[in-house]
Amino acid sequence: AHLLSDFPWRVRAQTTPAAIALRAGEEQLSWRALTQRLDRLCAGFQRQGITTGALVALRGKNSLPLLLAWLALLQAGARVLPLNPQLPPATLLPLLSALNPAFMLDLAEPLPDDVPALPRPLPAALRIKYAPRATASPVIWRPEAIASLTLTSGSTGLPKAAAHTFQALLLSAAGVNQLINFTAAESWLLSLPLYHVSGQGIVWRWLLAGACLALPAAPLPQALSGCSFASLVPTQLWRLLQQPQRPAGLKAVLLGGAAIPPDLVARAEAAGIGCWCGYGLTESAATVCGRRAGNRFGVGAALAGREVQIVDGEIWIRGATLASGYWRDGRLWPLTNQQGWFATGDLGRWHQGELQVLGRKDNLFFSGGEAVQPEAIESLLMRHPAVTQAFIIPQADAEWGARPVALLSLAADGQLAIITAWAREQLASFQRPVRWLLLPEGLAQGGIKLSRRQLAQWLQATQ
Ligand code: 4YB
């Protein structure tokens, strides 16, 4: 059974035409107005040659034009490949060669033009052009079609492009909406980038519920006011809690993307912000497990439509929200193993009916023969009230093979010496960091997730 019989905005333009669909600063769009805009924009894309199945790269930061272009491209039958505008040419160019989009709509700063080895053939440049009125080209809703290709944040090699159907994206949204009771009466802040599953998850939940989507017109703390829901990575919540004021109207935040420290949740709850914990990945179209946060370390059980099992300590998932495959060289490549499951690369265990995520398999390293799981040390460090971010990075060592180094972000009153003394007592000798460093500002702020590879490179450069 399909969740919808047409593109979600077209359904809403019929059922609740006057309800507010979107808010972006001063601008508000009803479902009727949104649908009219999308019809004209879709026609504009069709005139530029977009047909069913066309692969279109969409490069830019979150904005109203980017969101409208995305939806209109879907309506025109295109498959959308959103690109982080910060991807360096050394990653972007081989990606474009492997994925070979026919078109590119670039809403970001242009790439430097001295970049060598541009892919051939270049994707044709697409532009935002509204046709005077919707054309007669029929719009066909095909829930089994691939809607988007989303890049994974793989730790090695080129990112992979997970291909999701409309149906998978909507089923993913349905499980979350059911969990947190997200309905047409609510609004969700687009608080994470659309080139990441966490941002896309917001869009599909909004569309499925027929709720209101708010595009931030101000820094996060102000933007949250007047929204009832938001998705945040833990560092965003830390920053929010450092503000003197609580956002008015905010009912709940969905947390995810990294280990969620129970102390962070407790502080947010004490400040009146309801917290939900989620665990998910690009391949699963965001949230797989979730629960109302409590004072414990766990991400709940599988949501409707997902299954989770643990095999040799690794989290395996399956279900209708999984990507149909990875897109590369003009075809889909399977992402499931011979047993039909997707092996996530995350280590986990069950505890009282809840999944606990213990870290990534490939982050494990050995120090003097002892296995060191960086995330285990990090979650201990995060228990100190002054620590707002913690990373354990292996540093090559002639005698031990590798030894842990700690990179921390601290609250304003945090003192490194106090924290190191506190932590030493609680860690086994092989877990004790041999160096303690503050995360440089430039790195600490970047993107939604810090790359361990980048941190390791920075660390090496500081030796
Ligand atoms: C975790 C983790 C956890 C992911 N504990 N490690 O809508 C949402 O679900 C959402 C809400 C707020 C913020 C983020 C999200 C996401 O979608 C996150 C999805 C994501 O991060 N995808 S990813 O492909 O970029 O990374 C996946 C990896 O992130 C996982 O394989 C885990 O290693 C890690 N992760 N949630 C511990 N609760």
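Analyst: Two strands pair if DSSP finds at least two bridges between them, a strand being a DSSP run of E with at least two residues and a helix a run of H or I with at least four, numbered from the N terminus. This is a predicted model, in which local features need pLDDT of at least 70 and side-chain atom pairs pLDDT 80 or more, while totals for chains, interfaces and linings use all residues. Residues are numbered from 1 along each chain as its sequence is written, and side-chain values use heavy atoms, with hydrogens and water left out.

User: What makes β2 and β15 edge strands of the open sheet?

Analyst: The sheet has nine strands in the order β2-β1-β10-β9-β11-β12-β13-β14-β15, with mixed pairing. Because β2 (27-30) and β15 (301-302) each have a single partner strand, one side of each is left without a neighbour in the sheet. On the β2 side, strand β1 (residues 20-24) runs antiparallel to β2 and is joined to it by four bridges, with Ile20 opposite Ser30.

User: Which strands does helix α5 lie across, and which does helix α9 lie across?

Analyst: Helix α5 (residues 166-180) lies across β9 (187-189), β11 (229-232), β12 (252-255), β13 (274-281) and β14 (286-292), and runs at about 10° to β14. Helix α9 (residues 262-270) lies across β12, β13 and β14, at about 145° to β13. These angles, on a scale from 0 to 180 degrees, are taken between N-to-C directions of lines fitted to C-alpha atoms, for helices over the stretch in contact, where contact means heavy atoms within 4.5 Å.

User: Which element gives the most to the shell around the ligand?

Analyst: That element is β13, with four residues.

User: What makes β24 and β26 edge strands?

Analyst: This open sheet of three strands has the order β24-β25-β26 and mixed pairing. Since β24 (387-397) and β26 (435-438) each have a single partner strand, one side of each is left without a neighbour. Neighbouring strands here are turned by 25° against each other on average, direction ignored. Ten bridges pair β24 with strand β25 (residues 401-410) in the antiparallel sense, and Pro404 in β25 is the bridge partner of Pro394. Helix α11 (residues 416-424) packs on the sheet, touching β24, β25 and β26, and its direction makes about 140° with that of β26.
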